[in-house]
Amino acid sequence: MRFSSVLRLAVSLALTCALAGCGDDGGDVDGGGGGGDGGEGGVGRDCAEPSDCDDMIDCTIDECEEGHCLNRVPDEDGDGHGSAMCMNAAGMALGDDCDDNDERRGPFPDGPGGEEMGYGCDGSDNDCDGTVDNDCECVTGEMQECGIAGGRCIPGMQMCEGGRWGACEGAIGPINEICGNEEDDDCNGEYDENVVPYWVDRDGDGAGSGDVLFDCAVPDNGAGTLPARDCDDRDPMLSPMQPEICDDIDNNCNGLHDEGFVEWYYLDADGDGYGDDYVRIQTCLPPAGWVTQPHDCNDDAGDMLAAAMNPGETEVCNDMDGDAPRPVDNDCDELIDEGCPCTMAGETRECETRHQGPAYSMGMVCTPGMQTCTGGTWGSTCVGGNRPTEEDCDGEQSDTDDDDCDGAHDEGLRTQGFLDLDEDGQGGGAEASRIASEGICEGMVGFATQGNDCDESDPEVYFGRTDYASEERLGAAPAWDFNCDGWEEPEFPGMYLVTCAEGDDPCAREGEEFLEFVPRRGMGPPRKAMCGETGTLYRCERMGSTCMITMGMADVLQRCR
């Protein structure tokens, strides 16, 4: 379509909206006429959404406007007449435009194309009256080809009788497209264009799994056009539509589990209500014996004094009266009997208190500090030593430092990991790629904590990508699915010949762009540019009170992700 025709389409639509109220009246598409009212069907039954208005005719445009169904016959060339290629189940044409790809050809009484003589004696039925080149002079007895060629359509022959061309005899015309026979039944240059994509949905939860399939209709085990994102197609309670709950299961199929519900819990081995700072887990389903209150300096279940040592206790000078078998830090402030009497000035003793039960090791990283007897009392400072610190997972698979001196390393810090071969921050997601022994530390080279990558051979392909690619993926299906959602998404999704004026607003699609691809001559009508094709970019813009389709750049690439 040239710019002049696009401009004429916009003006025609603007006038139609101004004079006729944008489709508030018209004939019923099932009546078989429908062409003279701009391709618009009549107001039908009540509706809440377009799906309520399906008239079971593939070629019509089913819409719900102001609570009423409106079934339109396509008018691709914008000449005000619906396509005669749009037929009902009985094969009756619902429009009267015999060439809906050329606004100059149609059933016009006086308009462009108009009478055959006004347009040209070219062997075509320019005025859509069923006769080719009527009113054109010819030599009696002369024969010429007439009708449509291509697909199932076969031209007929026309004889000149009395100096005028007669009826077209023997032609085979178009019929409704029959899905699945790989034939161009409606003679529009394409075949089986009404197939639909679907994915297998074994558990019936509406989310599919596996590769995309195509058929004339979605079978009983299909999930319609929902992407294949079901992480367990055997369980209807696991799908992208399910809310996440606290059950240690990935309910919403996003690669995580219990997100938004977890918190830190600390092991309370001695049962005093306080847990060990350095023995902790993140969960929303804590096992028995784990508490939310940390800072217990002795949580050793095998130590008879452990339950009396926590931040809720008061320091007791029990080291002086012999009530305790050893010095203890009752209030867990890292000092023992601070302020209590001592007998020998300058005397020192170990004062490291964290994990001082017999089951804890003070070797490796940790060493005790020293407390001094000054002025007859034990001092309130602990000098020197190397105290326990929070356990650190330093990103190395071989990290064995027991930072908190509890006899273990990296406890509670490693997480499930995925092998990330292309180093794009997402692993392949296959069960075999999990690091199941110890998990991984954050930042480990070659591993990721997310497992949503659909192509581990290409760092440009990852789940959630938002920018568009300029080169097609090789050896992959779909070939442009760079964001791993199961779809090829074009940069300019607006349909070919998008209508600027829809509904009550004459420029409801203002700012929308669409990319038109024009095939080689004889290879079919213009259409929306597919992934990797180049075309002319158009845009809906408001000019005063009129909505126009303006021409933009030519040779624009339809990029996809």
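Biologist: Is C216 buried, partly exposed or exposed?

Modeller: This is a predicted model, and the values are computed from it. The relative accessible area of C216 is 32%. Buried would need a value under 20% and exposed one over 50%, so C216 is partly exposed.

Biologist: Which cysteine is joined to C216 by a disulfide, and where do the two lie?

Modeller: C216 is in the loop between β8 (209-215) and β9 (263-267). Its partner is in the loop between β6 and β7 (196-200), so the link ties together parts 37 residues apart in sequence. The sulfur atoms are 2.0 Å apart, and the partner is C179.

Biologist: How many residues apart are C47 and C64, and what is the torsion about their S-S bond?

Modeller: C47 is in the loop between β1 (43-46) and β2 (61-65), while C64 is in strand β2 itself, 17 residues apart. C47 is buried at 14% relative accessible area, whereas C64 is partly exposed at 23%. The disulfide is right-handed, because its torsion is about 95 degrees.

Biologist: Which strands are linked by the disulfide of C146 and C168?

Modeller: The sulfur atoms of C146 and C168 are 2.0 Å apart, and the link is right-handed, with 95 degrees about the S-S bond. C146 is buried at 1% relative accessible area, and C168 is partly exposed at 23%. The pair is 22 residues apart and links strand β4 (residues 143-146) to strand β6 (residues 164-169).

Biologist: Turning to the backbone, what is the phi of D248?

Modeller: Most residues other than glycine have a negative phi. D248 lies in the loop between β8 and β9 and is exposed, at 52% relative accessibility. D248 is not a glycine, yet its phi is positive, at about 65 degrees.

Biologist: Where does D555 lie, and is it buried or exposed?

Modeller: D555 also has a positive phi, near 55 degrees, in a residue other than glycine. Its place is in the loop between β20 (546-551) and β21 (556-557). With a relative accessible area of 66%, D555 is exposed.

Key
Residues are numbered from 1 along each chain as its sequence is written. This is a predicted model: local features need pLDDT of at least 70, side-chain atom pairs count only at pLDDT 80 or more; totals for chains, interfaces and linings use all residues. Side-chain values use heavy atoms; hydrogens and water are left out. A disulfide is a pair of cysteine sulfur atoms within 2.5 Å. Helices (H or I, at least four residues) and strands (E, at least two) are DSSP runs, numbered from the N terminus. Buried means under 20% relative accessible area, exposed over 50%, partly exposed in between (1.4 Å probe, protein chains only).
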